[in-house]
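Subject: Structure handover

Hello,

Here is the structure we spoke about, with the sequence alongside. My notes on what was found follow below it.

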Amino acid sequence: MSPGTPPRLPDDERLRDLAGRLWDAVAAGDEYTATGTVLRALDDGLDPEHVLLDVIATVQGRVGEQWAANRISVAQEHAATSINERAVAALALHPAARTTPHRGRITVACVDGEWHALPARLVAEVLKLRGWRVDYLGAQVPAPHLISHLHTTKADAVALSSSIATRLPAAHAAITACQAIGVPVLVGGAAFGPDGRYARLLGAQAWATDARTAADRLAAGPLPCPQPDPRQGDDLPHLADQEYTMVVRGKDALVRTVFLALADAFPAMRGYDDTQRERTAEDLAHIVEFLATALYLDDDGLFTGFIAWTAHILRARGVPPQSLPPALALLARELKDFPRAVRILRRGTETLTTDHPTPGTPA
Amino acid sequence: MVSTRAQTAADPEPDFPWGGAPCPVLVADPAGRVVRCNDAAQALLPGARPGSRLADAVPAWLAAAHQAVCLPGPRTAGEPDAPWSGMIEARRLRAHPSVRQDGAVAWWLVDDTDHHLAREALRTERERTAFLARTSSTLLSSLNLERCMDVTAQLAAESLADAALAIAPARGRRLPVVTCLRGAAPTSALEAVDADEVPGLGEALRGFPPVPSRWIDPAAAPAWLIPEDFGPVGAIVVTPLPGHGVPAGALVLLRKEGGAAFTEEEEVFARLFAARAGAAMSAARLYAEQRAITEVLMRELLPPVLHQITGVDLAGSYRPSSDHERIGGDFYDVHPATAAGEPSLVTLGDVCGKGLEAAVLTGKIRNTLHALLPLADDHQRILTLLNTALLNAHTTRFATLVLASVARHGDAVRVRLTSAGHPSPLIVRADGTVEEADTRGTLVGALPDVRARTTTVTLAPGESCVLYTDGITEAQGGPLGDAFYGEERLKRALAGCAGMPAEGIVEHVQMLASQWLGSRGHDDMAVVAISAPRSPHRDAGHDRTPGGCAA
């Protein structure tokens, strides 16, 4: 990046070593060692962008993997993430990370309902390092907040982050709202698919795989300006069948009905304690959320990917995924009047019977 | 009757009965020679005599049309009606061919001038309407003044002039100017210039007296008015942007030397455009002013950002009931100790009701508590005085709150807690045990007397005390949509938070409550965590490990 960057190979090793040390501190819940490690690396002249993206982001990726493999709990994942966030905050205050804005202004935000703020925070810090003036709005930004912020600031673009696929309808609402007031949107995060297909489907001006590509894309030139489009709402014509609306509206009743019927279809459930029952209900609610999202996007792959991933996670937790096929069958029975939903649920069942262990992406 | 008269006046030849017809008729043979002309055609095309070459006698478009009709080969149906048209003298004519038995073609020339003019006018009008519609929808969508100026300059440069400047009323002594050249991106600048240097601009920016568009002499225009690389200027017009009671700004249009001058119609059109741009820019200005007022008033009501104070980790998080608001009826505050060794006061509370009215009362309570700080150690006294203040405040609202006096003792943190009608704070021990703080009391602002029992808890390093409002425990939702999040679930969740930094705990609790809710409505939700840091005591800002970082 900078002219004084040391040769590549030792640098890589050094970054790996640093990531290892940061991981140890994060895993031990040791905030002070974590921030100290990061600050010392900067004192030693390491490029802040490398520290952000090749050390902190790497460690965060490992936190996610550990959680998916059931080696740490949700609370531990949260603890690790908050220590990583403290490390980012410490880095941002270090003299090496001080820059004077000389480019435009970018608003960075997470979609409403999105709690994973760290990826967006990394984007915000990288953009600051590269000379942008950045407004970082943080996790879970309701669209009205985002829009009123844009009205007062005149950002050149919005960088919108979402990691959970079920937030895609909310992301779509935010994208169209930004575009309606003339601000182009760059999206990123696991929710938009490994190839960014949902970013295109939802009409974002650009998509980036990570903070570095996001910064590169914004540096490459202004994003195309969205034009007012009277045909707005025509990009997802399948929504006209109202299946998405009906499933979302009736979600609670649907989950309750299927939950009660599941006890008959899956006798092992009768032996569950309260926590296990609540867990099962949560899993059902999750399946319905993914089904609704698949209906919104009319994308069967989103649902089958989630089902394969759930089966994988359940196995990793030592829970046999036997309750999944009856749950899908019961959902299909309840939704028999919704042809798209029935089709998507059938695909989900097929995924389970073909059964290839697919460690998927949704989080 | 017309045909009878035409026939009597016509040439006796039966194959050319149109000699006196009012519409010009010209017959030409396949070889491209004129065979016959009627009187009207003769008058229109004096060179068209029988035997003369068509190419010499008629305009090229008609000669070409003849050639096309005479071309051998199959003819598609409808071709005889193909719209051949062109100019003859100052008139536009449509030529309709009819092919005779012998291959000669009779050309009927119909005057189309008025029709054509009407069509042209319609097309221009349609383009302008479409442009104005686009202008409106683009400008209406934004409430940002700079963006409105950008759009105004860009659209004007696209359709009205070679370059356009949108100028807003002066901000201080500088004039915000957005310049846009046709086909380029708008650039904005703050010009330290005097608007009155440009005739008509001062009035336009003041919005008074009302002035019409004004032509100015390009030679007299100051340099800042002419964009770089524009070249010689042919014409400059300054048009005021009419605001709604507030001056909106001015639009300056520039055309290059040698280009078309502004017609009267174009000037009218520019004024229609200016009316839209002015409306949008004044709305954006009003919005910005209102927004600035709200911002200032709100600043006092927003919960503060918490961080470490004198060796105690603090974190707070607030989620108002409505997505449209940033404030509500829950509040928290931290008053750092004024002297070393003294405790700091942390407060968290909940005013009955939600929304702006409740938020205003939280502001009063926070101010009152601030004024009572000298009594910070005497929780009972603070509550009594606050109660009296609220009872006298002519408000029917009441509040619940927790007072926490926090001080560091060695590695541990001692917290004195008093709850006034508020859910008891929860203590997260290092081993994951979650205890309820033993404090109870009456709410404030409702009864003449308040009574509360204070308790003291000691937090070992890594342990936390969590204050929360009932928005968390009364969050209704869950997988089946019908259950409260409840104290038991909160305790279970906190059991997993042992050793977590304060910030992590607060975010974790807010996330779980939010996931429990899904997209359902909720009350204001506030959480504050007070933690004893796990590492040896260090002041905020110097939190760097002293050597020996684990490798």
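G221(A), which comes after helix 9 of chain A, has a positive phi, near 140°. Helices here are DSSP runs of H or I with at least four residues, strands are E runs of at least two, and both are numbered from the N terminus.

This is a predicted model, in which local features need pLDDT of at least 70 and side-chain atom pairs count only at pLDDT 80 or more, while totals for chains, interfaces and linings use all residues. Residues are numbered from 1 along each chain as its sequence is written, and chains are lettered from A and ligands numbered from 1 in the order in which they are written.

Back to helix 9 of chain A (residues 211-219): its buried residues are A211(A), A214(A), A215(A) and L218(A). Buried means that 20 or more other C-beta atoms, placed from the backbone, lie within 10 Å of the residue's own. These residues sit on the same side of helix 9 of chain A because they cover an arc of only 95° around the axis, the arc being that of the directions from the helix axis to the C-beta atoms. An α-helix has 3.6 residues a turn, so residues three or four places apart point the same way. Among the elements covering the buried residues are helix 3 (48-68), helix 5 (118-129) and strand 1 (105-111) of chain A.

Contact between the chains (C-beta atoms, placed from the backbone, within 7 Å) takes 37 residues from chain A and 33 from chain B. On the chain B side, helix 13 of chain B gives the largest share, 5 residues. That side divides into 12 nonpolar, 13 polar and 8 charged residues. Asp, Glu, Lys and Arg count as charged, Ala, Val, Leu, Ile, Met, Phe, Trp, Tyr, Cys and Pro as nonpolar, and the others, Gly among them, as polar. The predictor gives the complex an ipTM of 0.86 and a pTM of 0.83.

Chain B is assigned domain 1 (2-111), domain 2 (118-296) and domain 3 (313-531); such bounds come from an automatic or database assignment. The C-alpha centres of domain 1 and domain 2 of chain B are 53 Å apart.

As for confidence, chain B has a mean pLDDT (the predictor's confidence in each residue, from 0 to 100) of 87, and 92% of its residues reach 70 or more. The pLDDT is below 50 over residues 1-11 of chain B and also over residues 537-551 of chain B. Where pLDDT is low, the predicted coordinates should not be read in detail.

Regards

How values were computed: Contact = placed C-beta atoms within 7 Å. Buried ≥ 20, exposed ≤ 12 C-beta atoms within 10 Å, placed from the backbone.
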